[in-house]
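These are my notebook entries from a reading of one structure. I set down what I looked up, entry by entry.

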Amino acid sequence: MATFTGTADDHRLAVALTFDFDAESLWLGAMGTDSPSALSRGTYAATEGIPRILRMLERYELPATFFVPGDTAERHPDVTRRIADGGYEIGHHGYLHEPPTTLTEAEERVMVERGLEALLKVTGRVPTGYRSPSWELSKSTYRLLSEYGIRYDASQLGADRPYWVRDAGKLTDIVEIPGAWELTDSAHFMFSYFPSYRVGLSGPSKVAEVWQGDFDGAYEESGDICYVLTMHPEIIGRLHRMRMLQGILDHILGHEGVWFATMDEIAMEFRSRQG
Ligand SMILES: [Zn+2]
């Protein structure tokens, strides 16, 4: 599944729409709370966020990548299967959204395995890509990902284009497709009293300015740049933010030579270009 504006030959810029379906696991694993009200914020991803996002993607006929923690797949198997059955890519996103920096190597191995098992059981597919919970990486992460056959990572912030991951100074066979906090919804919109995270609830017009400014700059530079939006169904899935996202998509679709692709497709294209 990939969509070009214009033809594949004149592609100037790759665009990836990515959604981290954290749901309850963010609160249980990263925030350390099982308060029913906190968990219900995660549940919103399954009840409203994902259905709304899928309707939008279908309407625009665009591909997307969903990074799904194992706990989310087990808790919401029907919603997760709907994503997979729609032809969208599903990537590994830990088991309980546990930042790898808080785990021993043995614990991290268990989480990588449990995440893979849950995704395989629910979707019938083995993910090729990984985005770490909370964009944290331990010293063991890449060794484990290599061992379990992960082909690309989306947890670093080191460039605006793909590159090979280096682990302890050595080149690996894992492609990095980096992100940027500026191009997340969470950094702009997330709000929480406990744990305290009060920068959020930005007006969508501010965020649209940031996201559109980065797209316009990337389009002007072109080449091997990738424009990767990192979003969360419980955040971007709110109605006023969906309208903002649609405005961004309309803006992007007004440009020739944009390649909308899944992260897996971008990683494969990088591999083939690099020989
Ligand atoms: Zn996440």
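I looked up S134 and found that S134 is buried, because 21 other C-beta atoms lie within 10 Å and the cut-off for a buried residue is 20 or more. The model I am reading is a predicted one. I placed S134 in the loop between strand 5 (129-130) and helix 6 (141-147). I noted for S134 a positive phi of about 60 degrees, although S134 is not a glycine.

A23 is buried, since I found 31 other C-beta atoms within 10 Å.

I then asked which residues have the most contacts inside the largest nonpolar core. They are V15, A16, F66, I177 and I266, in a core of 59 residues. Strand 2 (residues 13-20) gives the most to this core, namely six residues.

Last, I recorded the whole protein. I listed eleven helices and ten strands. Buried residues make up 43% of the 275 residues. Of the contacts between residues at least 6 apart in sequence, 74% join residues at least 24 apart. The C-alpha trace spans about 45 × 45 × 35 Å along its principal axes. The radius of gyration is 18 Å, which agrees with a compact globule, because a globule of 275 residues would have a value near 19 Å.

Methods
Residues are numbered from 1 along each chain as its sequence is written. This is a predicted model: local features need pLDDT of at least 70, side-chain atom pairs count only at pLDDT 80 or more; totals for chains, interfaces and linings use all residues. A nonpolar core is a set of buried Ala, Val, Leu, Ile, Met, Phe, Trp, Tyr and Cys residues joined through C-beta atoms within 7 Å. A residue is buried if 20 or more other C-beta atoms lie within 10 Å of its own, exposed if 12 or fewer, and partly exposed in between; C-beta atoms are placed from the backbone. Helices (H or I, at least four residues) and strands (E, at least two) are DSSP runs, numbered from the N terminus. The radius of gyration is taken over C-alpha atoms; the globule rule is 2.2 Å times the number of residues to the power 0.38. Two residues are in contact if their C-beta atoms, placed from the backbone, lie within 7 Å.
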